[in-house]
Amino acid sequence: MELSTLFSKSKTVRAPSNTRSEIGRFASRSFRRHWQLYLLVIPPVLYFIIFKYLPMANAVLAFKNYNVVKGIWGSPWVGTQYFEMFFRNPAFATLIKNTLYISFYQLIVGFPIPILLALALNEVKSARFKKTVQMVTYAPYFISTVVMVSIIMLFLSPRLGIVNTIAGALGFEAINYLGEPGMFRTIYVLSDVWQTMGYSAVIYLAALAGVDPSLYEAAKVDGANRLQKILNVDLPGILPAAVIILILSVGNIMALGFEKMYLLQNPLNLSTSEIISTYVYKIGLLNANYSFATAVGLFNSLINLVLLLVVNAVAKRASNTSLW
């Protein structure tokens, strides 16, 4: 009995090494057969390692009083001093409110529009009209942020802007739209939706292309009209993609675009346009307070991570679709 027990134990110990050798041989054969594909994967993997994962180690700067001479690791440890400084800042509540308000506004307005656009294009029978609409809605995505901000300013200029020129011709007074704090959020969100809806719709069009044609035939046999086919065939077909995009969108809800927000800001709309990222740039980076900027950025990232985990768990329970 003892010898058999020892023999079984020895087999159990040696099993992992055999498994590792088999995995190694499989990986070697796979690399020899598909080395071109592995070569294509190397640049993006290196990009994420060098620019995303390695810099995470420097997040310790948020807990140190950074000294240029001593470096990040040689600077004195101050604990949560900069986090407490940010929480006690009188602007903290305003920054959180503005960031969340614009983020949720953008999510509520911007999330369903690409889905509606994709569903509408999927129902179009004319291929030429469909391609034309796709091109017109997709093209703004390639406009750079600086050019986009310039377009917005030219359109909404109180003196020479197209909007105010038309309003003046109709007898209305000119309005400084970018100087009105109450209008800033709507201008930011709607311009962003206009720029990105065509690009986002492509994902849903690809999902619609993968719907089983037999489902449409069955719906036609059952006498379903267009609206019923959209509700019972199209929407369930794109639901997994929509859930994944919603999870990712909520996970980035605190990461509003810094460039566009900063370029659209002016002293008149600052009460509604100042968000965490622009505040970090002005207070942390322009004043060379790198530890404070890192602490605020780390806090922002942690909020995004918590939101991502929560929404992913809720989506997994509700629809059995999640990131993991």
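The structure is a predicted model, and the mean pLDDT of the protein chain is 85, with 94% of its residues reaching 70 or more. The largest nonpolar core holds 23 residues, and helix α16 gives the most to this core, with eight residues.

**Confidence along the chain**

- Among the elements of the protein chain, helix α1, which covers residues 2-33, has the lowest mean pLDDT, at 60, whereas helix α6, which covers residues 112-123, has the highest, at 92.
- Over residues 1-15 the pLDDT stays under 50, and for this stretch the model has zero contacts beyond four places in sequence.
- Where pLDDT is low, the predicted coordinates should not be read in detail.

**The nonpolar cores**

- Within the largest nonpolar core, the residues that touch the most other members are Phe 86, Ile 247, Ile 276, Phe 292 and Val 296.
- Two or more residues of this core come from each of the elements α4 (81-88), α5 (92-110), α12 (226-251), α15 (276-285) and α16 (290-319), and of these α16 gives the most, with eight residues.
- Phe 292, when its neighbours within four places in sequence are left aside, is in contact with Tyr 82, Met 85, Phe 86, Tyr 279 and Ile 283.
- Another core, of 16 residues, lies apart from the largest one, and its members include Ile 102, Val 149, Ile 187 and Ile 275.

**The packing of helices α8 and α9**

- Helix α8 (residues 145-156) and helix α9 (residues 162-169) pack with their axes 4 Å apart and at an angle of about 15 degrees, and because angles under 35 degrees count as roughly parallel, α8 is roughly parallel to α9.
- On the α8 side the contact is made by Leu 154, Phe 155 and Leu 156, while on the α9 side it is made by Ile 162, Val 163 and Asn 164.
- The residues of this contact divide into five nonpolar and one polar, with no charged residue among them.

- Ile 102 lies in helix α5 and is buried, with a relative accessible area of 0%; leaving aside its neighbours within four places in sequence, Ile 102 is in contact with Arg 185, Tyr 188, Val 189, Leu 256, Met 261, Thr 272 and Ile 275.
- Although Ile 102 and Ser 273 are 171 residues apart along the chain, their C-alpha atoms are separated by 8.8 Å.
- Ser 273 has its place in helix α14 (residues 270-273) and counts as buried, at 0% relative accessibility; beyond its neighbours within four places in sequence, Ser 273 is in contact with Asn 98, Phe 184, Met 261, Gln 265 and Thr 278.
- Ser 273 and Leu 170, which are 103 residues apart in sequence, are 30 Å apart in space, C-alpha to C-alpha.
- Thr 278, which lies in helix α15, also counts as buried, at 0% relative accessibility, and apart from its neighbours within four places in sequence it is in contact with Phe 258, Met 261, Tyr 262, Gln 265 and Ser 273.
- Leu 308 is found in helix α16, and its relative accessibility of 19% makes it count as buried, because buried means under 20% relative accessible area.
- Among residues beyond four places in sequence, Leu 308 is in contact with Ile 247, Gly 251, Leu 323 and Trp 324, whereas the C-alpha atoms of Leu 308 and Arg 226, 82 residues apart along the chain, are separated by 35 Å.

**Residues in loops**

- Ala 288 is found in the loop between α15 and α16, and at 45% relative accessibility Ala 288 counts as partly exposed.
- The phi of Ala 288 is near 60 degrees, which is a positive value in a residue other than glycine. Most residues other than glycine have a negative phi.
- Val 68 is found in the loop between α2 (35-53) and α3 (71-74), and at 64% relative accessibility Val 68 counts as exposed.
- Val 68 and Arg 33 are 35 residues apart in sequence and lie 50 Å apart in space, C-alpha to C-alpha.

Note on methods. Residues are numbered from 1 along each chain as its sequence is written. This is a predicted model: local features need pLDDT of at least 70, side-chain atom pairs count only at pLDDT 80 or more; totals for chains, interfaces and linings use all residues. Side-chain values use heavy atoms; hydrogens and water are left out. Axes are lines fitted to C-alpha atoms, for helices over the stretch in contact, and angles run from 0 to 180 degrees between N-to-C directions. Angles under 35 degrees count as roughly parallel, over 145 as roughly antiparallel, 65 to 115 as roughly perpendicular and the rest as oblique. Contact means heavy atoms within 4.5 Å. Ala, Val, Leu, Ile, Met, Phe, Trp, Tyr, Cys and Pro count as nonpolar, Asp, Glu, Lys and Arg as charged, and the others, Gly among them, as polar. pLDDT is the predictor's confidence in each residue, from 0 to 100. A nonpolar core is a set of buried Ala, Val, Leu, Ile, Met, Phe, Trp, Tyr and Cys residues joined through side-chain atoms within 4.5 Å. Buried means under 20% relative accessible area, exposed over 50%, partly exposed in between (1.4 Å probe, protein chains only).
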